[in-house]
Amino acid sequence: MVGKATTLKEALAKWEEKTGEKCSEATVVKLYNQIPPLEKLDNTLSKIPKCEKLCLSTNCIDKITNLGDLKNLKILSLGRNNIKAFTGLDPVGDTLEELWISYNLIEKMKGVHLLKKLRVLYMSNNLVKDWGEFSKLADLPCLVDLVFVGNPLEEKHSPDGSWMEEASRRLPNLRKLDGIPVIKQTGDDDEDG
């Protein structure tokens, strides 16, 4: 058995010591790659009420919880964790603009529709494998930038070239997919006229 996990309280204390900032005043809090890793998001998050960007990547967090006090959160970085679902994001649904959640274990998109302001979703290298789940992203009215590479669905459809076309057809507001600008073909372009 390896040592016990770093608690959020310990991570915040270390962060304050390292940065010289007070977590209660901070707008950017970086708690990525904790050793030993963070495993839980507990109510200690209430100590960072002004946080707009929270970095928690490269830990062992398996659930998104206790975001209720983060009323200003715009960017949440949770890449390289053990997260299986979008559950728990509802408290930040009206403020979150960017979610970085690549390299996790997400298979189902349930709950993603609550992120009404989400513009950027980086969720490469997860486990989404069917168009039915992917199509739930159409419920995000502001989504313009999506990274989805490395999901079984994308890997299945990339070799035959249908991925970009089908994904952008299902998400007509996208401007960028997997880092590539989405070019819309419209039938109204009459250049002769």
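Reply: In this predicted model, Lys129 and Glu107 form a salt bridge, with their closest N and O atoms 2.7 Å apart. The pair links distant parts of the chain, 22 residues apart: Lys129 belongs to the loop between β5 and α2, and Glu107 to the loop between β4 and β5. Lys129 is partly exposed, at a relative accessible area of 46%. Glu107 is also partly exposed, with a value of 29%.

Apart from neighbours within four places in sequence, Ser124 is in contact with Ser102, Tyr103, Val147, Phe148, Val149 and Asn151.

Arg119 lies in the loop between β4 (98-100) and β5, while Glu98 is in strand β4, so their pairing ties together parts that are 21 residues apart in sequence. The closest N and O atoms of Arg119 and Glu98 are 3.6 Å apart. Arg119 is partly exposed at 34% relative accessibility, whereas Glu98 is buried at 14%. Glu97 joins Glu98 and Arg119 in a network of salt bridges. The count for the model comes to eight salt bridges.

A further salt bridge sits within a helix. Arg169 pairs with Glu166, and the closest N and O atoms are 2.7 Å apart. The two are three residues apart in helix α4, which means that about one helical turn separates them. An α-helix has 3.6 residues a turn, so residues three or four places apart point the same way. Arg169 is exposed, with a relative accessible area of 56%, while Glu166 is listed with Trp163, Ala167 and Ser168 as the buried residues of α4 (162-170). The buried residues of α4 pack against α2, α3 (152-157) and β7 (176-177).

The strands β4 and β5 belong to an open sheet of eight strands, ordered β1-β2-β3-β4-β5-β6-β7-β8, with mixed pairing. At its edges stand β1 (28-30) and β8 (180-181); each has a single partner strand, so one side of each is left without a neighbour in the sheet. β1 runs parallel to β2 (residues 53-55), and three bridges join the two.

The C-alpha atoms fill a box of roughly 65 × 40 × 25 Å along the principal axes. Of the 193 residues, 42% are buried. Among contacts between residues at least 6 apart in sequence, 41% join residues at least 24 apart. The protein exposes about 10500 Å², with 51% of that area supplied by carbon and sulfur atoms. On the charge side, the protein has 28 positive and 30 negative charges, and their mean positions are 8 Å apart.

Definitions and conventions. Residues are numbered from 1 along each chain as its sequence is written. This is a predicted model: local features need pLDDT of at least 70, side-chain atom pairs count only at pLDDT 80 or more; totals for chains, interfaces and linings use all residues. Side-chain values use heavy atoms; hydrogens and water are left out. Contact means heavy atoms within 4.5 Å. Two strands pair if DSSP finds at least two bridges between them. Helices (H or I, at least four residues) and strands (E, at least two) are DSSP runs, numbered from the N terminus. Buried means under 20% relative accessible area, exposed over 50%, partly exposed in between (1.4 Å probe, protein chains only). Accessible areas come from the Shrake-Rupley method with a 1.4 Å probe; for residues, only the protein chains shown count as cover. Lys and Arg count as positive and Asp and Glu as negative; His and the chain ends are not counted. The place of a charge is taken as NZ of Lys, CZ of Arg, CG of Asp or CD of Glu. A salt bridge is a side-chain nitrogen of Lys or Arg within 4 Å of a carboxyl oxygen of Asp or Glu.
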